[in-house]
Amino acid sequence: MDIFSFITLFGGLAFFLYGMKVMSDGLEKSANGKLSKSFKKFTDNRILAMLFGAGITFAVQSSSAVTVMLVGLVNSGIIEFNQTIGMLMGANIGKTFTSWISSLAGIDSDVVWINMLKPAYISLIFAVAGIIMVMMKKPKLQGIGNAFIGFAILMFGMHLMSSAMEPLSEMPEFTELLTAFENPLLAVLVGAIFTGIIQSSAASVGILQAMSMTGGVTYGMAIPIIMGQNIGTCITALISSIGVNRKAKKVAVMHLAINILGTLIFMIPFYICTAVFDMPFMRETISPFMIAVVHSIFNILTTLVLLPFCKQLEQLANKIIPDSKDSDQPTVILDDRLLTVPSMAVKKSLDVALYMCSRAKKAFLGAIEQINDFDAEKANEITDIEVELDRYKDQLATYMTKLYKISIAEEDLKTVTKILHTIDDFERIGDHALYITNVGRQLYDKEMTFSDDAFKELEKLTSAAQEILTMTSTAFKTNDFELASSVEPLRRVISKLIRKIKNNHVQRLQTGDCTTDLGFMLSDILTSCERVAGHCSNIAVAVIEINYSSFAAHEYLEEVKTEDDYTRKYKEYSAQFSLEQ
């Protein structure tokens, strides 16, 4: 092979791999996050899990990516190991789709419309169609357009690899090299090692299909190579399992076990038969189309044979990697392995943000109770929640930055932006819960109490604070725009209420009904309540603005104050939380 053919071959491989990546991103974007929404529905039933595994692998165009994602999901505690077995088998079926695409390189016909399916022509058609869709403003069409462009790049890469292989058919050295693959064990080993090196069974099969166009690859050579390619694709999952808990390691082991068992189940009987009976077709040359057929049949049959034995496979994995104390250790909050399937990473991030929301709410509502009824055990729990919220905020902020750097669907981008604009507010609500708890501790330690009038005013204020926090929490969790729009008028009522309480406190100081020390403590509570109301307003604005693909909080707040609905709600809350009642 001359230097030009060598460069063409590896350049074609580069285009092939890049085209797969672009097509994968486009398909996932066009799904608009439906992969993550459907996930839990299908993992409990082995047949549905298998079908879903095939579907998600088709969408992301990589069984390795799906397996790495499953390692991350188990390591994060989102699903259990036994729920992944059906999906791993389905992933083996889903990955065969690319081999059918690349088999188009072998088309040779006198019929014009059939010849148009050749990579050299079809890549141009899909590229033009894809660019037209990308230029449109509809996100779903843009996703499909990107998938089309990725398909065109992939097909162009296949065309380059096929072209580079053509001169090899006339080289005796190449013929001698191929004869070595007549040894099935060597062919399996070569297929596994080469696929492990490039970490893509689709690309490895594509290269085999390009080689078959030289006319030198027989069924006897191709079948064991294909089996070996299935084993080689497991290397990515094995690498990703480094540093994870034992349950997650079992996912990588199971992926390897399924492919090795599948190879043994079919290879041993098949080659016993070929040794006993003469099978002329094994000496016939194989076409790219038939490689796709063999690839699909092998993976489908392997799945059908092994699917009924999921329980036994689970027991095998448990024997290879037995559970120990580290299996009960806390799982990671956000696993980078989930980034291989961005929609799943976004779903997990939203779950963490929702958890932060519920914990911040619990901390603040608990802190209010500490003002009049201090409990050291509950106070320690609030302190723990505040530390937890700090940790979650830092990890989410870092994770969101990583998500921004990869290509994600429009809806997922909105979710990421919403999370990024609200996690600081949840963390700050936890801080203010701790401040109020500390006031409760001081009142308890010094055996001090507020006057009856001050206590009644605080009851009214804390009731409003509970209302706004509950309303904000619900709006954030359910994306309720109407409920979110009720937050700002209540925040304004709370600010007015606090000013009134401060004025009343000054009057009580003048009459001697309150002390300076109690005044400082009251001021801390009022400040925290006002700040919490402000953070609730920020969260509500994010819920509204992000879903309108805009984030201009100041402009929004100025505009909303002029609306009739805002004025009506403001008057209702003013009456509900009036100090004169």
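How much accessible surface does the protein have, and what share of that surface belongs to carbon and sulfur atoms?

1. The accessible surface of the protein comes to about 26400 Å², and 60% of it belongs to carbon and sulfur atoms; such areas come from the Shrake-Rupley method with a 1.4 Å probe, and for residues only the protein chains shown count as cover.

2. Please keep the basis of these values in mind. This is a predicted model, in which local features need pLDDT of at least 70 and side-chain atom pairs count only at pLDDT 80 or more, while totals for chains, interfaces and linings use all residues. Residues are numbered from 1 along each chain as its sequence is written, and side-chain values use heavy atoms, with hydrogens and water left out.

3. The protein has 26 helices and 0 strands, where helices (H or I, at least four residues) and strands (E, at least two) are DSSP runs numbered from the N terminus. Of its 581 residues, 52% are buried, meaning under 20% relative accessible area, with exposed over 50% and partly exposed in between (1.4 Å probe, protein chains only). Among contacts (heavy atoms within 4.5 Å) between residues at least 6 apart in sequence, 81% join residues at least 24 apart.

4. Helix α12 (residues 201–212) and helix α16 (residues 288–306) have axes that come within 8 Å and cross at roughly 145°; axes are lines fitted to C-alpha atoms, for helices over the stretch in contact, and angles run from 0 to 180 degrees between N-to-C directions. From α12 the contact is made by Val 205, Leu 208, Gln 209 and Ser 212, and from α16 by Pro 288, Ile 291, Ala 292 and His 295.

5. A search of the whole structure finds 9 aromatic pairs, that is, rings of Phe, Tyr and Trp (its six-membered ring) with centres within 6.5 Å, counted as stacked when the planes are under 30 degrees apart, edge-to-face when over 60 and tilted for the rest. One of them is the edge-to-face pair of Trp 100 and Phe 289, at 5.4 Å centre to centre and 75° between the planes. Trp 100 lies in helix α6 (residues 97–102) and Phe 289 in helix α16, so this pair ties together parts that are 189 residues apart in sequence. Trp 100 is partly exposed, at 33% relative accessible area, and Phe 289 is also partly exposed, at 44%.

6. Phe 266 and Phe 298 form another edge-to-face pair, with 6.0 Å centre to centre and 75° between the planes. Because Phe 266 lies in helix α15 (residues 246–276) and Phe 298 in helix α16, the pair ties together parts that are 32 residues apart in sequence. Phe 266 is partly exposed, with a relative accessible area of 22%, whereas Phe 298 is buried, with 8%.
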